[in-house]
Amino acid sequence: AGEVEGRHFTEWIEALDRLRAIKDDVTAEPILRECIAAAERAARVQAQEPAPAYTTRLAIILRRQKRLDEEIAILERWIAAWPKVRGPVSSTGKVADRPEKAKELRDRSS
C-alpha cells in the first residue's frame with residue numbers, strides 16, 4: 001500500500017531532502033504527490049492519519065509558487081484522509097491550520 005516506484009514512501013525522504021536543498025521543485029512535486037497517495041493508502045490500512053510531512057512539503061512548494069488553490073486542495077485532501085475514529089482533525093495543529101491561512105492569502109491577493 002505504501003510503495004512509490006518499488007520503494008516504501010518513507011525511503012524517499014533522503015532524495016526529497018536533496019531536491020529541496022537544490023530547490024528542484026519541478027522534480028520533487030510529482031514524487032511528493034505519489035508519496036502523499038502512498039501515505040494515504042498505508043494510513044487507511046492502519047486506520048491512522050497519513051504522514052503529514054509530504055503534504056506539508058508540497059504545500060510549501062505550492063505556496064512559494066503562488067498556487068494557492070492547489071495548496072488549499074492538497075491540505076484539504078490530508079484533512080479528508082484523517083480517520084474519524086481518531087477524533088477531530090483540529091487537534092493536529094500545523095496541517096489543519098494551513099488551509100485557512102492559505103485561503104486568507106488567496107483572498108487578499110485577489
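## The loop between α3 and α4

K66 sits in the loop between α3 and α4. Helices here are DSSP runs of H or I with at least four residues, numbered from the N terminus. K66 counts as exposed, at a relative accessible area of 70%. Exposed means over 50% relative accessible area, buried means under 20%, and partly exposed lies in between, with a 1.4 Å probe and protein chains only.

## Model and confidence

This is a predicted model, in which local features need pLDDT of at least 70, side-chain atom pairs count only at pLDDT 80 or more, and totals for chains, interfaces and linings use all residues. Residues are numbered from 1 along each chain as its sequence is written, and side-chain values use heavy atoms, with hydrogens and water left out.

The pLDDT is the predictor's confidence in each residue, from 0 to 100. The chain averages 90. At least 70 is reached by 91% of the residues. Confidence is highest in α1, at a mean of 97. It is lowest in α5, at 86.

## The loop between α1 and α2

K23 belongs to the loop between α1 and α2. K23 also has a positive phi, about 60°, and is not a glycine. Its relative accessibility is 68%, so K23 counts as exposed.

## Helix α3

Helix α3 covers residues 52-64, which is 13 residues. The expected span of a helix is 1.5 Å times one less than its number of residues. For α3 that gives 18 Å, and the end C-alpha atoms are 18 Å apart, so the two values agree.

Which residues of α3 are buried? They are Y54, T55, R57, L58, A59, I61 and L62. Their cover includes α1 (13-21), α2 (25-46), α4 (68-80) and α5 (94-109). Contact means heavy atoms within 4.5 Å.

## α3 against α4

Two packed helices are described by the angle between their axes and the distance between the axes. Axes are lines fitted to C-alpha atoms, for helices over the stretch in contact, and angles run from 0 to 180 degrees between N-to-C directions. The axes of α3 and α4 come within 8 Å and cross at roughly 170°. That makes α3 roughly antiparallel to α4. Angles over 145 degrees count as roughly antiparallel, under 35 as roughly parallel, 65 to 115 as roughly perpendicular, and the rest as oblique.

From α3, the residues that meet α4 are P52, T55, L58, A59, L62 and R63. On the α4 side they meet L68, E70, E71, I74, L75 and W78.

## α2 against α4

α2 packs on α4 at an angle of about 20°, with the axes 12 Å apart. That makes α2 roughly parallel to α4. The crossing of α2 past α4 is left-handed. Left-handed means that the near helix is turned anticlockwise from the far one by less than a right angle, and right-handed means clockwise.

R33, I36, A37 and E40 are the α2 residues in this contact. They meet E70, I74 and R77 of α4.

L16 lies in helix α1. Is L16 buried or exposed? L16 is buried, with a relative accessible area of 3%. Leaving aside neighbours within four places in sequence, L16 contacts A28, I31, L32, C35, Y54 and R57. L16 and T27 are eleven residues apart in sequence, and their C-alpha atoms are 9.1 Å apart.

P30 is in helix α2. P30 is partly exposed, at a relative accessible area of 41%. P30 and L58 are 28 residues apart along the chain, with 9.4 Å between their C-alpha atoms.

## Selected residues in α4

E70 is a residue of helix α4. It is partly exposed, with a relative accessible area of 35%. Not counting residues up to four places away in sequence, E70 touches R33 and L62. E70 and A96 are 26 residues apart in sequence and 15 Å apart in space, C-alpha to C-alpha.

E76 is also found in helix α4. E76 is partly exposed, with a relative accessible area of 35%. What does E76 touch, not counting residues up to four places away in sequence? E76 touches P99 and K103. E76 and A96 are 20 residues apart in sequence, yet 8.2 Å apart in space, C-alpha to C-alpha.

Key: Helix = DSSP H or I, 4+ residues; strand = E, 2+ residues; numbered from the N terminus.
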